[in-house]
Amino acid sequence: MEELQAALHARGLSLSSFPDKGRSLVAAKDFYPGEVIISQEPYVCVPNNSLTESRCDGCFSNSNLKKCSACHVVWYCGSSCQRLEWKLHRLECQALAKLDKERRKLVTPTIRMMVKLYLRRKLQNENVIPVTALDNYSLVEALVSHMSDIDEKQLVLYAQMGNLVNLILQFPDIDIKEIAENFSKFACNAHTICDSELRPLGTGLYPVVSIINHSCLPNAVLVFEGRWAVVRAVQHIPKDSEVSISYVETAASTVARQKTLKEQYLFTCTCARCNKVGQYDDIQESAILEGYRCRDNGCSGFLLRESDEKGFVCQKCGLTRSKEEIRKIVTDIKALSDKAIKSKSLGNLQEAAVLYKNIENLQKEVCHPFSISLMQTREKLIEILMQLEEWKEALTVCRSTIPVYERVYPGCHPLLGLQYYSCGKLEWLLGETDDAIKTFTKAVDILRITHGTNTPFMKELLMKLEEARAEASFKLSSIEDS
Ligand SMILES: C[S@@+](CC[C@H](N)C(=O)[O-])C[C@H]1O[C@@H](n2cnc3c(N)ncnc32)[C@H](O)[C@@H]1O
(Lines give C-alpha, C1' and ligand atoms only; values in the text may rest on other atoms or scores of the structure.)
Protein backbone atom coordinates (compact mmCIF):
# COMPACT_ATOMS: atom_id res chain seq x y z
CA MET A 1 0.00 0.00 0.00
CA GLU A 2 2.78 2.42 0.96
CA GLU A 3 4.77 1.40 -2.11
CA LEU A 4 1.73 2.01 -4.31
CA GLN A 5 1.11 5.41 -2.69
CA ALA A 6 4.77 6.37 -3.27
CA ALA A 7 4.68 5.22 -6.92
CA LEU A 8 1.48 7.20 -7.46
CA HIS A 9 2.91 10.29 -5.76
CA ALA A 10 5.85 10.19 -8.16
CA ARG A 11 3.24 10.50 -10.96
CA GLY A 12 1.32 13.38 -9.38
CA LEU A 13 -1.44 11.14 -8.03
CA SER A 14 -2.64 9.82 -4.72
CA LEU A 15 -4.83 7.00 -3.51
CA SER A 16 -7.87 8.04 -1.47
CA SER A 17 -10.95 6.37 -0.19
CA PHE A 18 -14.52 7.70 -0.18
CA PRO A 19 -17.30 6.11 1.88
CA ASP A 20 -19.68 5.83 -1.10
CA LYS A 21 -17.15 4.70 -3.73
CA GLY A 22 -14.26 2.93 -2.02
CA ARG A 23 -10.75 3.55 -3.32
CA SER A 24 -10.32 6.49 -5.68
CA LEU A 25 -7.50 8.03 -7.67
CA VAL A 26 -6.99 11.70 -6.83
CA ALA A 27 -4.86 14.29 -8.63
CA ALA A 28 -1.97 15.48 -6.42
CA LYS A 29 -1.19 18.18 -9.01
CA ASP A 30 -3.06 19.95 -11.79
CA PHE A 31 -3.55 17.92 -14.97
CA TYR A 32 -4.33 19.60 -18.28
CA PRO A 33 -6.27 18.36 -21.34
CA GLY A 34 -4.26 15.77 -23.24
CA GLU A 35 -1.85 15.08 -20.37
CA VAL A 36 -1.27 11.41 -19.52
CA ILE A 37 -2.47 10.79 -15.97
CA ILE A 38 -1.39 7.16 -15.78
CA SER A 39 -0.41 4.41 -18.18
CA GLN A 40 -0.10 0.75 -17.34
CA GLU A 41 0.64 -2.61 -18.93
CA PRO A 42 -1.91 -5.31 -18.10
CA TYR A 43 -1.30 -7.71 -15.24
CA VAL A 44 -2.87 -10.21 -17.64
CA CYS A 45 -4.71 -9.90 -20.92
CA VAL A 46 -6.20 -12.06 -23.66
CA PRO A 47 -7.49 -11.41 -27.17
CA ASN A 48 -11.25 -11.96 -27.67
CA ASN A 49 -10.75 -15.04 -29.82
CA SER A 50 -13.74 -17.04 -31.02
CA LEU A 51 -14.46 -19.74 -33.58
CA THR A 52 -14.72 -17.07 -36.27
CA GLU A 53 -12.01 -14.61 -35.22
CA SER A 54 -8.48 -15.03 -33.90
CA ARG A 55 -5.82 -12.56 -32.84
CA CYS A 56 -2.19 -12.75 -31.80
CA ASP A 57 -1.70 -13.22 -28.06
CA GLY A 58 1.13 -10.69 -28.02
CA CYS A 59 -0.03 -7.74 -30.14
CA PHE A 60 -3.68 -8.64 -30.95
CA SER A 61 -3.00 -8.37 -34.68
CA ASN A 62 -5.15 -10.61 -36.89
CA SER A 63 -2.72 -11.11 -39.76
CA ASN A 64 -0.12 -13.83 -40.47
CA LEU A 65 -1.34 -15.92 -37.56
CA LYS A 66 0.03 -19.33 -36.67
CA LYS A 67 -1.46 -21.54 -33.96
CA CYS A 68 0.80 -22.76 -31.17
CA SER A 69 1.57 -26.29 -32.34
CA ALA A 70 1.66 -27.68 -28.81
CA CYS A 71 -1.54 -26.40 -27.17
CA HIS A 72 -3.62 -25.65 -30.32
CA VAL A 73 -5.34 -22.80 -28.47
CA VAL A 74 -3.12 -19.72 -28.71
CA TRP A 75 -2.16 -17.80 -31.88
CA TYR A 76 0.92 -15.69 -32.65
CA CYS A 77 1.70 -13.37 -35.55
CA GLY A 78 5.42 -14.17 -35.42
CA SER A 79 8.37 -15.20 -33.33
CA SER A 80 8.85 -11.84 -31.59
CA CYS A 81 5.36 -11.93 -30.02
CA GLN A 82 5.84 -15.61 -29.20
CA ARG A 83 9.16 -14.85 -27.46
CA LEU A 84 7.64 -11.94 -25.55
CA GLU A 85 4.92 -14.20 -24.16
CA TRP A 86 7.04 -17.30 -23.71
CA LYS A 87 7.71 -17.23 -19.94
CA LEU A 88 4.00 -17.29 -19.26
CA HIS A 89 2.85 -19.30 -22.23
CA ARG A 90 5.37 -22.08 -21.54
CA LEU A 91 3.41 -22.96 -18.40
CA GLU A 92 0.02 -22.29 -19.93
CA CYS A 93 0.91 -24.37 -22.97
CA GLN A 94 1.88 -27.39 -20.85
CA ALA A 95 -1.40 -27.12 -18.95
CA LEU A 96 -3.61 -26.64 -22.03
CA ALA A 97 -1.87 -29.40 -23.98
CA LYS A 98 -2.99 -31.93 -21.36
CA LEU A 99 -6.68 -31.19 -22.00
CA ASP A 100 -8.69 -33.41 -24.28
CA LYS A 101 -10.28 -31.88 -27.42
CA GLU A 102 -13.73 -31.41 -25.86
CA ARG A 103 -12.38 -29.64 -22.77
CA ARG A 104 -10.16 -27.41 -24.91
CA LYS A 105 -13.31 -26.06 -26.56
CA LEU A 106 -14.42 -24.79 -23.13
CA VAL A 107 -11.33 -22.59 -22.76
CA THR A 108 -12.93 -19.19 -23.40
CA PRO A 109 -10.91 -15.94 -23.25
CA THR A 110 -12.16 -15.36 -19.67
CA ILE A 111 -11.02 -18.83 -18.55
CA ARG A 112 -7.64 -18.22 -20.18
CA MET A 113 -7.29 -14.86 -18.46
CA MET A 114 -7.86 -16.54 -15.09
CA VAL A 115 -5.34 -19.30 -15.88
CA LYS A 116 -2.81 -16.63 -16.88
CA LEU A 117 -3.52 -14.67 -13.69
CA TYR A 118 -2.53 -17.63 -11.50
CA LEU A 119 0.47 -18.50 -13.65
CA ARG A 120 1.73 -14.93 -13.52
CA ARG A 121 1.30 -14.85 -9.75
CA LYS A 122 3.34 -18.07 -9.57
CA LEU A 123 6.09 -16.66 -11.81
CA GLN A 124 6.25 -13.45 -9.75
CA ASN A 125 6.40 -15.48 -6.52
CA GLU A 126 9.31 -17.42 -8.00
CA ASN A 127 10.98 -14.17 -9.18
CA VAL A 128 10.87 -15.31 -12.81
CA ILE A 129 8.85 -12.18 -13.61
CA PRO A 130 9.91 -9.07 -11.67
CA VAL A 131 7.57 -7.49 -9.12
CA THR A 132 7.16 -3.70 -8.98
CA ALA A 133 4.98 -1.32 -6.98
CA LEU A 134 2.56 -1.06 -9.92
CA ASP A 135 2.80 -4.67 -11.06
CA ASN A 136 2.13 -7.23 -8.36
CA TYR A 137 -0.56 -9.61 -7.24
CA SER A 138 -1.43 -7.69 -4.08
CA LEU A 139 -2.97 -5.03 -6.37
CA VAL A 140 -5.26 -7.74 -7.74
CA GLU A 141 -6.10 -8.81 -4.19
CA ALA A 142 -7.16 -5.24 -3.41
CA LEU A 143 -9.73 -5.05 -6.24
CA VAL A 144 -13.41 -4.93 -5.34
CA SER A 145 -15.31 -8.16 -6.03
CA HIS A 146 -18.87 -7.40 -4.83
CA MET A 147 -19.12 -11.08 -3.88
CA SER A 148 -21.85 -10.43 -1.32
CA ASP A 149 -24.04 -8.69 -3.94
CA ILE A 150 -23.89 -11.46 -6.54
CA ASP A 151 -26.88 -13.73 -7.07
CA GLU A 152 -26.78 -17.48 -6.47
CA LYS A 153 -26.94 -18.37 -10.19
CA GLN A 154 -23.90 -16.26 -10.98
CA LEU A 155 -22.00 -17.72 -8.03
CA VAL A 156 -22.70 -21.25 -9.27
CA LEU A 157 -21.44 -20.27 -12.74
CA TYR A 158 -18.25 -18.75 -11.27
CA ALA A 159 -17.69 -21.93 -9.21
CA GLN A 160 -18.07 -24.10 -12.35
CA MET A 161 -15.62 -21.88 -14.19
CA GLY A 162 -13.31 -22.12 -11.15
CA ASN A 163 -13.41 -25.91 -11.38
CA LEU A 164 -12.31 -25.77 -15.01
CA VAL A 165 -9.44 -23.40 -14.12
CA ASN A 166 -8.45 -25.80 -11.34
CA LEU A 167 -8.51 -28.70 -13.77
CA ILE A 168 -6.26 -26.82 -16.18
CA LEU A 169 -3.78 -25.55 -13.58
CA GLN A 170 -3.72 -28.61 -11.30
CA PHE A 171 -2.11 -26.57 -8.50
CA PRO A 172 -2.15 -28.57 -5.25
CA ASP A 173 -3.20 -25.66 -3.00
CA ILE A 174 -5.76 -23.86 -5.17
CA ASP A 175 -8.89 -22.39 -3.57
CA ILE A 176 -12.00 -22.58 -5.83
CA LYS A 177 -13.71 -19.86 -3.75
CA GLU A 178 -10.79 -17.53 -4.43
CA ILE A 179 -10.98 -18.25 -8.18
CA ALA A 180 -14.73 -17.55 -8.13
CA GLU A 181 -14.06 -14.26 -6.35
CA ASN A 182 -11.44 -13.40 -8.97
CA PHE A 183 -14.02 -13.99 -11.73
CA SER A 184 -16.24 -11.54 -9.93
CA LYS A 185 -13.30 -9.09 -9.81
CA PHE A 186 -12.84 -9.48 -13.57
CA ALA A 187 -16.52 -8.59 -14.08
CA CYS A 188 -16.26 -5.18 -12.42
CA ASN A 189 -12.58 -4.33 -12.95
CA ALA A 190 -11.32 -5.75 -16.27
CA HIS A 191 -11.24 -3.43 -19.27
CA THR A 192 -12.03 -4.09 -22.92
CA ILE A 193 -8.85 -3.44 -24.88
CA CYS A 194 -9.68 -1.49 -28.03
CA ASP A 195 -7.73 -0.28 -31.04
CA SER A 196 -7.33 3.46 -31.70
CA GLU A 197 -10.72 3.52 -33.40
CA LEU A 198 -12.29 1.97 -30.31
CA ARG A 199 -12.97 -1.42 -31.89
CA PRO A 200 -12.72 -4.16 -29.24
CA LEU A 201 -9.75 -6.53 -29.49
CA GLY A 202 -9.43 -8.21 -26.13
CA THR A 203 -9.71 -7.96 -22.38
CA GLY A 204 -7.11 -6.96 -19.80
CA LEU A 205 -6.75 -6.48 -16.07
CA TYR A 206 -5.02 -3.21 -15.17
CA PRO A 207 -5.12 -3.09 -11.36
CA VAL A 208 -4.01 0.55 -11.00
CA VAL A 209 -6.24 1.90 -13.77
CA SER A 210 -9.02 -0.07 -12.06
CA ILE A 211 -8.77 2.23 -9.05
CA ILE A 212 -10.33 5.01 -11.15
CA ASN A 213 -14.04 5.44 -10.42
CA HIS A 214 -16.82 6.17 -12.87
CA SER A 215 -18.59 9.41 -13.72
CA CYS A 216 -21.15 10.05 -16.48
CA LEU A 217 -19.38 13.43 -16.86
CA PRO A 218 -15.80 12.16 -16.69
CA ASN A 219 -12.71 14.37 -16.59
CA ALA A 220 -10.46 11.71 -18.16
CA VAL A 221 -10.57 9.10 -20.88
CA LEU A 222 -9.09 5.62 -21.16
CA VAL A 223 -7.59 4.58 -24.50
CA PHE A 224 -5.19 1.81 -25.45
CA GLU A 225 -1.84 1.98 -27.18
CA GLY A 226 -1.28 -1.64 -28.10
CA ARG A 227 -1.76 -3.42 -24.77
CA TRP A 228 -0.94 -0.33 -22.70
CA ALA A 229 -3.88 1.36 -21.02
CA VAL A 230 -3.42 5.13 -21.16
CA VAL A 231 -5.59 7.54 -19.15
CA ARG A 232 -5.55 11.15 -20.37
CA ALA A 233 -7.20 14.25 -18.94
CA VAL A 234 -9.95 15.62 -21.20
CA GLN A 235 -10.34 18.76 -19.14
CA HIS A 236 -8.39 20.66 -16.52
CA ILE A 237 -8.26 18.49 -13.40
CA PRO A 238 -7.28 20.70 -10.48
CA LYS A 239 -5.06 19.33 -7.71
CA ASP A 240 -7.05 17.34 -5.10
CA SER A 241 -9.88 16.48 -7.55
CA GLU A 242 -10.87 12.90 -8.17
CA VAL A 243 -9.92 11.45 -11.56
CA SER A 244 -12.89 9.81 -13.29
CA ILE A 245 -13.56 7.91 -16.49
CA SER A 246 -16.81 6.58 -17.90
CA TYR A 247 -17.38 2.83 -17.67
CA VAL A 248 -20.36 2.95 -20.01
CA GLU A 249 -21.62 4.58 -23.21
CA THR A 250 -22.53 8.10 -22.09
CA ALA A 251 -24.90 8.69 -25.02
CA ALA A 252 -27.79 7.14 -23.13
CA SER A 253 -30.57 8.26 -20.84
CA THR A 254 -29.94 8.39 -17.09
CA VAL A 255 -32.18 5.36 -16.59
CA ALA A 256 -30.25 3.33 -19.20
CA ARG A 257 -26.81 4.36 -17.85
CA GLN A 258 -27.80 3.62 -14.27
CA LYS A 259 -29.25 0.24 -15.24
CA THR A 260 -25.98 -0.82 -16.93
CA LEU A 261 -23.87 0.47 -14.03
CA LYS A 262 -26.02 -1.34 -11.49
CA GLU A 263 -26.07 -4.60 -13.44
CA GLN A 264 -22.40 -4.74 -14.30
CA TYR A 265 -20.64 -2.70 -11.62
CA LEU A 266 -23.19 -3.01 -8.80
CA PHE A 267 -23.46 0.62 -7.79
CA THR A 268 -25.85 3.52 -8.25
CA CYS A 269 -24.16 6.48 -9.86
CA THR A 270 -24.69 9.80 -8.12
CA CYS A 271 -22.65 12.00 -10.45
CA ALA A 272 -23.90 15.51 -11.29
CA ARG A 273 -25.57 14.21 -14.48
CA CYS A 274 -27.34 11.35 -12.67
CA ASN A 275 -28.44 13.65 -9.88
CA LYS A 276 -30.79 15.37 -12.32
CA VAL A 277 -32.92 12.23 -12.59
CA GLY A 278 -36.62 13.07 -12.56
CA GLN A 279 -35.98 16.77 -13.23
CA TYR A 280 -37.50 18.34 -16.36
CA ASP A 281 -34.25 18.63 -18.33
CA ASP A 282 -33.38 14.98 -17.61
CA ILE A 283 -36.86 13.89 -18.74
CA GLN A 284 -36.45 15.99 -21.88
CA GLU A 285 -33.00 14.52 -22.57
CA SER A 286 -34.27 10.94 -22.22
CA ALA A 287 -37.27 11.67 -24.46
CA ILE A 288 -34.93 13.04 -27.14
CA LEU A 289 -32.37 10.23 -26.92
CA GLU A 290 -34.82 7.34 -26.68
CA GLY A 291 -38.29 8.71 -27.41
CA TYR A 292 -40.45 9.75 -30.34
CA ARG A 293 -40.72 12.76 -32.64
CA CYS A 294 -43.55 15.17 -33.32
CA ARG A 295 -46.06 14.30 -36.06
CA ASP A 296 -45.29 17.67 -37.66
CA ASN A 297 -41.99 17.25 -39.56
CA GLY A 298 -41.23 20.94 -39.11
CA CYS A 299 -41.44 20.75 -35.32
CA SER A 300 -38.39 19.83 -33.23
CA GLY A 301 -40.40 19.06 -30.09
CA PHE A 302 -40.10 15.92 -28.06
CA LEU A 303 -43.01 13.74 -26.92
CA LEU A 304 -44.12 12.65 -23.49
CA ARG A 305 -46.76 10.07 -22.65
CA GLU A 306 -50.30 11.49 -22.21
CA SER A 307 -51.66 11.19 -18.70
CA ASP A 308 -54.37 8.74 -19.88
CA GLU A 309 -51.62 6.61 -21.51
CA LYS A 310 -53.48 6.68 -24.87
CA GLY A 311 -50.71 8.36 -26.78
CA PHE A 312 -47.91 10.93 -26.74
CA VAL A 313 -48.03 14.72 -26.72
CA CYS A 314 -45.48 17.03 -28.33
CA GLN A 315 -44.09 19.27 -25.61
CA LYS A 316 -43.54 22.09 -28.11
CA CYS A 317 -46.67 22.31 -30.28
CA GLY A 318 -49.14 20.10 -28.40
CA LEU A 319 -49.88 17.71 -31.31
CA THR A 320 -50.60 14.14 -30.23
CA ARG A 321 -49.55 10.81 -31.74
CA SER A 322 -51.52 7.70 -30.98
CA LYS A 323 -49.91 4.71 -29.31
CA GLU A 324 -51.20 2.45 -32.12
CA GLU A 325 -49.53 4.48 -34.88
CA ILE A 326 -46.19 4.40 -33.08
CA ARG A 327 -46.53 0.73 -32.17
CA LYS A 328 -47.17 -0.17 -35.84
CA ILE A 329 -44.00 1.61 -37.05
CA VAL A 330 -41.90 0.17 -34.19
CA THR A 331 -43.11 -3.36 -35.10
CA ASP A 332 -42.20 -2.78 -38.76
CA ILE A 333 -38.74 -1.54 -37.73
CA LYS A 334 -38.20 -4.63 -35.58
CA ALA A 335 -39.14 -6.97 -38.45
CA LEU A 336 -36.82 -5.14 -40.86
CA SER A 337 -33.98 -5.13 -38.30
CA ASP A 338 -34.18 -8.91 -37.94
CA LYS A 339 -33.97 -9.29 -41.72
CA ALA A 340 -31.10 -6.77 -41.98
CA ILE A 341 -29.04 -8.55 -39.31
CA LYS A 342 -29.56 -11.86 -41.12
CA SER A 343 -28.64 -10.41 -44.54
CA LYS A 344 -25.51 -8.83 -43.13
CA SER A 345 -24.41 -11.99 -41.36
CA LEU A 346 -24.91 -13.95 -44.61
CA GLY A 347 -22.79 -11.41 -46.46
CA ASN A 348 -25.71 -10.09 -48.58
CA LEU A 349 -24.48 -6.53 -48.24
CA GLN A 350 -26.59 -4.99 -51.03
CA GLU A 351 -29.73 -6.41 -49.47
CA ALA A 352 -28.61 -5.34 -45.97
CA ALA A 353 -27.95 -1.78 -47.23
CA VAL A 354 -31.49 -1.54 -48.69
CA LEU A 355 -32.97 -2.88 -45.47
CA TYR A 356 -31.03 -0.44 -43.27
CA LYS A 357 -32.08 2.45 -45.53
CA ASN A 358 -35.71 1.37 -45.06
CA ILE A 359 -35.17 1.18 -41.30
CA GLU A 360 -33.61 4.66 -41.34
CA ASN A 361 -36.65 6.03 -43.21
CA LEU A 362 -39.08 4.47 -40.75
CA GLN A 363 -37.03 5.67 -37.78
CA LYS A 364 -37.00 9.20 -39.23
CA GLU A 365 -40.82 9.05 -39.11
CA VAL A 366 -40.99 7.95 -35.51
CA CYS A 367 -37.76 8.83 -33.66
CA HIS A 368 -36.55 12.24 -32.60
CA PRO A 369 -33.84 13.47 -35.04
CA PHE A 370 -31.29 13.20 -32.18
CA SER A 371 -32.34 9.69 -31.23
CA ILE A 372 -29.68 7.12 -30.45
CA SER A 373 -31.40 4.30 -32.36
CA LEU A 374 -31.43 6.41 -35.51
CA MET A 375 -27.73 7.17 -34.99
CA GLN A 376 -26.99 3.45 -34.51
CA THR A 377 -28.86 2.50 -37.69
CA ARG A 378 -26.86 5.08 -39.61
CA GLU A 379 -23.63 3.67 -38.13
CA LYS A 380 -24.51 0.21 -39.45
CA LEU A 381 -25.46 1.68 -42.82
CA ILE A 382 -22.15 3.57 -43.09
CA GLU A 383 -20.22 0.37 -42.31
CA ILE A 384 -22.04 -1.54 -45.05
CA LEU A 385 -21.81 1.28 -47.60
CA MET A 386 -18.05 1.48 -46.97
CA GLN A 387 -17.72 -2.26 -47.54
CA LEU A 388 -19.66 -1.82 -50.78
CA GLU A 389 -17.38 1.13 -51.65
CA GLU A 390 -20.44 3.36 -52.03
CA TRP A 391 -18.38 6.32 -50.83
CA LYS A 392 -20.74 9.13 -51.80
CA GLU A 393 -23.71 7.61 -50.04
CA ALA A 394 -21.52 6.71 -47.05
CA LEU A 395 -20.46 10.36 -46.80
CA THR A 396 -24.06 11.60 -46.93
CA VAL A 397 -25.04 9.27 -44.09
CA CYS A 398 -21.87 10.04 -42.14
CA ARG A 399 -22.54 13.77 -42.40
CA SER A 400 -26.08 13.22 -41.14
CA THR A 401 -24.68 11.67 -37.94
CA ILE A 402 -22.39 14.59 -37.09
CA PRO A 403 -25.03 16.90 -35.53
CA VAL A 404 -26.21 13.94 -33.41
CA TYR A 405 -22.66 13.13 -32.25
CA GLU A 406 -22.10 16.82 -31.49
CA ARG A 407 -25.22 16.84 -29.38
CA VAL A 408 -24.88 13.56 -27.50
CA TYR A 409 -21.16 13.73 -26.70
CA PRO A 410 -19.22 16.39 -24.83
CA GLY A 411 -16.85 18.53 -26.93
CA CYS A 412 -13.83 16.34 -26.23
CA HIS A 413 -15.05 12.78 -26.68
CA PRO A 414 -13.06 10.22 -28.71
CA LEU A 415 -16.17 8.99 -30.57
CA LEU A 416 -16.90 12.52 -31.79
CA GLY A 417 -13.27 12.91 -32.92
CA LEU A 418 -13.37 9.54 -34.69
CA GLN A 419 -16.62 10.43 -36.47
CA TYR A 420 -15.05 13.65 -37.79
CA TYR A 421 -12.09 11.56 -38.92
CA SER A 422 -14.31 9.08 -40.83
CA CYS A 423 -16.19 11.95 -42.44
CA GLY A 424 -12.92 13.72 -43.38
CA LYS A 425 -11.51 10.56 -44.98
CA LEU A 426 -14.61 10.20 -47.15
CA GLU A 427 -14.54 13.89 -48.12
CA TRP A 428 -10.91 13.64 -49.09
CA LEU A 429 -11.46 10.44 -51.07
CA LEU A 430 -14.26 12.16 -52.99
CA GLY A 431 -12.08 15.18 -53.78
CA GLU A 432 -13.89 17.54 -51.39
CA THR A 433 -10.53 18.75 -50.12
CA ASP A 434 -11.58 22.00 -48.44
CA ASP A 435 -14.27 20.23 -46.44
CA ALA A 436 -11.81 17.44 -45.62
CA ILE A 437 -9.33 19.97 -44.19
CA LYS A 438 -12.03 21.46 -41.94
CA THR A 439 -13.23 18.03 -40.79
CA PHE A 440 -9.72 16.61 -40.24
CA THR A 441 -8.89 19.74 -38.21
CA LYS A 442 -11.92 19.13 -35.97
CA ALA A 443 -10.81 15.48 -35.57
CA VAL A 444 -7.26 16.54 -34.66
CA ASP A 445 -8.49 19.09 -32.10
CA ILE A 446 -10.22 16.30 -30.17
CA LEU A 447 -8.05 13.25 -30.84
CA ARG A 448 -4.77 14.98 -29.95
CA ILE A 449 -6.23 15.30 -26.45
CA THR A 450 -7.79 11.84 -26.14
CA HIS A 451 -5.13 9.89 -28.09
CA GLY A 452 -1.99 12.07 -27.73
CA THR A 453 0.07 12.98 -30.80
CA ASN A 454 2.76 10.30 -30.82
CA THR A 455 0.93 7.14 -31.80
CA PRO A 456 1.02 5.75 -35.38
CA PHE A 457 -2.75 6.37 -35.55
CA MET A 458 -2.37 10.08 -34.76
CA LYS A 459 0.68 10.45 -36.98
CA GLU A 460 -1.41 9.09 -39.86
CA LEU A 461 -4.23 11.54 -39.15
CA LEU A 462 -1.81 14.48 -38.92
CA MET A 463 -0.16 13.38 -42.16
CA LYS A 464 -3.56 13.17 -43.90
CA LEU A 465 -4.33 16.71 -42.76
CA GLU A 466 -0.96 17.93 -44.10
CA GLU A 467 -1.52 16.13 -47.41
CA ALA A 468 -5.02 17.58 -47.75
CA ARG A 469 -3.62 21.07 -47.09
CA ALA A 470 -0.88 20.54 -49.67
CA GLU A 471 -3.46 19.32 -52.19
CA ALA A 472 -5.65 22.36 -51.55
CA SER A 473 -2.78 24.80 -52.03
CA PHE A 474 -1.68 22.94 -55.19
CA LYS A 475 -5.24 23.20 -56.57
CA LEU A 476 -5.28 26.90 -55.72
CA SER A 477 -1.94 27.60 -57.39
CA SER A 478 -3.03 25.63 -60.52
CA ILE A 479 -6.15 27.84 -60.76
CA GLU A 480 -4.08 31.01 -60.32
CA ASP A 481 -1.60 29.85 -63.02
CA SER A 482 -4.28 29.08 -65.60
C1 LIG B 1 -13.15 -0.47 -11.18
S2 LIG B 1 -13.65 -0.35 -9.51
C3 LIG B 1 -13.14 1.26 -9.06
C4 LIG B 1 -12.31 1.28 -7.81
C5 LIG B 1 -13.03 0.93 -6.55
N6 LIG B 1 -13.65 2.11 -5.98
C7 LIG B 1 -12.13 0.26 -5.53
O8 LIG B 1 -12.28 0.53 -4.34
O9 LIG B 1 -11.31 -0.56 -5.90
C10 LIG B 1 -15.37 -0.27 -9.76
C11 LIG B 1 -16.15 -0.24 -8.50
O12 LIG B 1 -15.95 0.99 -7.82
C13 LIG B 1 -17.17 1.51 -7.31
N14 LIG B 1 -17.50 2.74 -8.04
C15 LIG B 1 -16.95 3.19 -9.16
N16 LIG B 1 -17.45 4.37 -9.53
C17 LIG B 1 -18.37 4.68 -8.62
C18 LIG B 1 -19.26 5.79 -8.45
N19 LIG B 1 -19.29 6.80 -9.29
N20 LIG B 1 -20.09 5.77 -7.37
C21 LIG B 1 -20.09 4.74 -6.48
N22 LIG B 1 -19.27 3.66 -6.59
C23 LIG B 1 -18.41 3.64 -7.64
C24 LIG B 1 -18.20 0.42 -7.54
O25 LIG B 1 -18.20 -0.41 -6.42
C26 LIG B 1 -17.63 -0.33 -8.73
O27 LIG B 1 -18.08 -1.65 -8.83
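Which hand does the crossing of helix 4 and helix 7 have? The crossing is right-handed, the term used when the near helix is turned clockwise from the far one by less than a right angle, with anticlockwise giving left-handed. A word on the ground rules: this is a predicted model, where local features need pLDDT of at least 70 and side-chain atom pairs count only at pLDDT 80 or more, while totals for chains, interfaces and linings use all residues. Residues are numbered from 1 along each chain as its sequence is written. Helices (H or I, at least four residues) and strands (E, at least two) are DSSP runs, numbered from the N terminus.

(Ala, Val, Leu, Ile, Met, Phe, Trp, Tyr, Cys and Pro count as nonpolar, Asp, Glu, Lys and Arg as charged, and the others, Gly among them, as polar.)

Here is the packing geometry, with axes fitted to C-alpha atoms over the stretch in contact and angles running from 0 to 180 degrees between N-to-C directions.

| Pair | Angle | Axis separation |
|---|---|---|
| Helix 4 (109–125) and helix 7 | about 120° | 11 Å |
| Helix 12 (372–387) and helix 13 (391–408) | about 155° | 9 Å |

Helix 12 and helix 13 are therefore roughly antiparallel, a label for angles over 145 degrees. Helix 12 passes helix 13 in a left-handed crossing. On the helix 12 side, Met-375, Arg-378, Leu-381, Ile-382, Leu-385 and Met-386 do the meeting; their partners in helix 13 include Glu-393, Val-397 and Val-404. That contact splits into nine nonpolar, two polar and two charged residues.

**Around the ligand**

Helix 7 turns up again here: along with strand 2 (22–27) and strand 9 (213–214), helix 7 (176–189) supplies at least two residues of the ligand shell. In total 19 residues surround the ligand, the closest being Gly-22, Arg-23, Asn-213, His-214 and Tyr-265. By class, the shell has nine nonpolar, seven polar and three charged residues.

**Annotated spans**

UniProt, in an unreviewed entry, lists "domain: SET" for residues 11–248. That stretch is 32% helix and 21% strand, and its end C-alpha atoms lie 26 Å apart. The UniProt annotation "domain: MYND-type", also from an unreviewed entry, covers residues 56–93. Residues 56–93 are 39% helix and 11% strand, with end C-alpha atoms 15 Å apart.

Technical notes. A residue is near a molecule or strand if its C-beta atom, placed from the backbone, lies within 6 Å of it. Angles under 35 degrees count as roughly parallel, over 145 as roughly antiparallel, 65 to 115 as roughly perpendicular and the rest as oblique. Two residues are in contact if their C-beta atoms, placed from the backbone, lie within 7 Å. UniProt positions are given in the numbering used here, feature names are shortened, and annotations may be inferred rather than shown by experiment.
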